[in-house]
Amino acid sequence: MNIFLNDKVALHEGQGEMHQGKFVPCFESPSRLNNILSAFENEPEATFLNATDYGLQPILDVHATDYVEFLQNIHKDWLAAGNTGDVIPYIWPVPGLKRIAHNNLNARVGYYAFSSDTPIMQGTWQAVYSGAQTALSALHCVFQGNKRMAFSLSRPPGHHAHRSSYGGYCFLNNAAICAQQAITLGAKKVAILDVDFHHGNGTQDIFYERNDVLTISIHGNPETNFPYYLGYSEETGADEGIGFNLNLPLDNGADMKVWLQAFETAASKVKAMDTEVLIVPLGVDTFVDDPISNFTLTTEDYLTMGEAIARLDLPTVFIMEGGYDVGPIGQNVFNVLSGFNAETNK
Ligand code: SP5
Ligand code: ZN
């Protein structure tokens, strides 16, 4: 197990988020990462590696320059304008209003944000930049280092981030940055199989018109779950990308039996494409006790999940996404990698 880490993960720590009409402690917190790390402490097969810095270009290959500059500067500007708390949007340029790159900070924040659950603070840029480098390090380990698997263990997550927008606790789309980097390094076909409870809306959107990156997501039905406005089964890609996006929304309460059926559909799609590398945005918010989700997977089920992913028999990059039951989160993540390893070494 090649596990990539960085020392900036705790620099992003929000004061709170809007949730069902109340300002509550952020579900996505630094303690998540500490608990996952602890679960790997006594694992002899775990190798911990520090991320390498690949610079800004791989990020700019996916995200717009003005958006990256916004992430780099907004908190500094926010403080200079006399604000004291985290950056949180309160107005959005919906159709009918003018969608303009505004000088006013509140207007600029709403221009780039799509949800109010994702505060920005002083260390956000450093944390998300380092998170992207950690994911790139895992990709390089697998794609150029010819390793069977690598795990990017960082936070905050990334799969909700679009080319020019943030939300759902995500700022830079680490999975998309890795997929694009694999293409840049010469891969002809890459697959992204997103197993987080929530639809990978950002990843889908970034590659929607492309046929070199297959995007698949197994997730809670957006009729009743975040991100609501994307993730339906009829979204199959556009232009050149038709047939290269697959959404597998599942009903509330879905258990491992239902989840595995969807996985088999996903697996057939991956196998039908001559994929050189598999990227797995790994969220364990499919866990039965997750506070914001409603699937019913158990800690043991994550071993099965890891085994199933390993049977795709592809060089695999796992990237840490969601999972908010911070007690069991470590064992759940550990079990996915452990199941993957056991199946690989069979
Ligand atoms: C990466 C990731 O997992 N992001 C998820 C962001 C979800 N943020 C909004 C949460 C709203 C959940 N409301 C559920 C009500 C359950 N009682
Ligand atoms: Zn999630």
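Which residues are the closest to ligand 1, and how many residues surround ligand 1? Please keep in mind from the start that what we have on the screen is a predicted model. In this model 15 residues surround ligand 1, and the closest are Gln 20, Asp 117, Gly 168, Asp 285 and Tyr 324.

A nitrogen atom of ligand 1 is 2.6 Å from an N or O atom in the side chain of Asp 117, while an oxygen atom of ligand 1 is 2.6 Å from an N or O atom in the side chain of Tyr 324. For His 198, the side chain has an N or O atom 3.1 Å from an oxygen atom of ligand 1. As for how much of the ligand is covered, ligand 1 exposes 500 Å² when it is taken alone, and the protein buries 79% of that.

Buried or exposed, what is Asp 196? Its relative accessibility is 1%, and because buried means under 20%, Asp 196 counts as buried. His 198, at 6% relative accessibility, counts as buried too.

Now I would like to turn to the aromatic rings. A search of the whole structure finds 14 aromatic pairs. One of them is formed by Phe 70 and Tyr 166, which are stacked, with 6.0 Å from centre to centre and 25 degrees between the planes. Phe 70 lies in helix H3, whereas Tyr 166 lies in the loop between strand S5 and helix H6, so this pair ties together parts that are 96 residues apart in sequence. Both Phe 70 and Tyr 166 are buried.

Another pair, Phe 318 with Phe 340, is edge-to-face, at 5.3 Å centre to centre and 85 degrees between the planes. Here Phe 318 belongs to strand S10 and Phe 340 to helix H10, 22 residues apart. Phe 318 is buried, with a relative accessible area of 0%, and Phe 340 also counts as buried at 0%.

Finally, ring pairs link Tyr 67, Phe 70, Tyr 111, Tyr 112, Tyr 166 and Phe 171 into a cluster. Over the ring of Tyr 111 sits the charged end of Arg 99, 4.2 Å from the ring centre.

Definitions and conventions. Residues are numbered from 1 along each chain as its sequence is written. Chains are lettered from A and ligands numbered from 1 in the order in which they are written. This is a predicted model: local features need pLDDT of at least 70, side-chain atom pairs count only at pLDDT 80 or more; totals for chains, interfaces and linings use all residues. Side-chain values use heavy atoms; hydrogens and water are left out. Buried means under 20% relative accessible area, exposed over 50%, partly exposed in between (1.4 Å probe, protein chains only). Rings of Phe, Tyr and Trp (its six-membered ring) pair if their centres lie within 6.5 Å; planes under 30 degrees apart count as stacked, over 60 as edge-to-face and the rest as tilted. Helices (H or I, at least four residues) and strands (E, at least two) are DSSP runs, numbered from the N terminus. A charge sits over a ring if NZ of Lys or CZ of Arg is within 6 Å of the ring centre and within 35 degrees of the ring normal. A residue is near a molecule or strand if one of its heavy atoms lies within 4 Å of it. A polar contact is a pair of N or O atoms within 3.5 Å; within protein, one must be able to donate a hydrogen and the other to accept it, and residues adjacent in sequence count only if both atoms are side-chain atoms. Accessible areas come from the Shrake-Rupley method with a 1.4 Å probe; for residues, only the protein chains shown count as cover.
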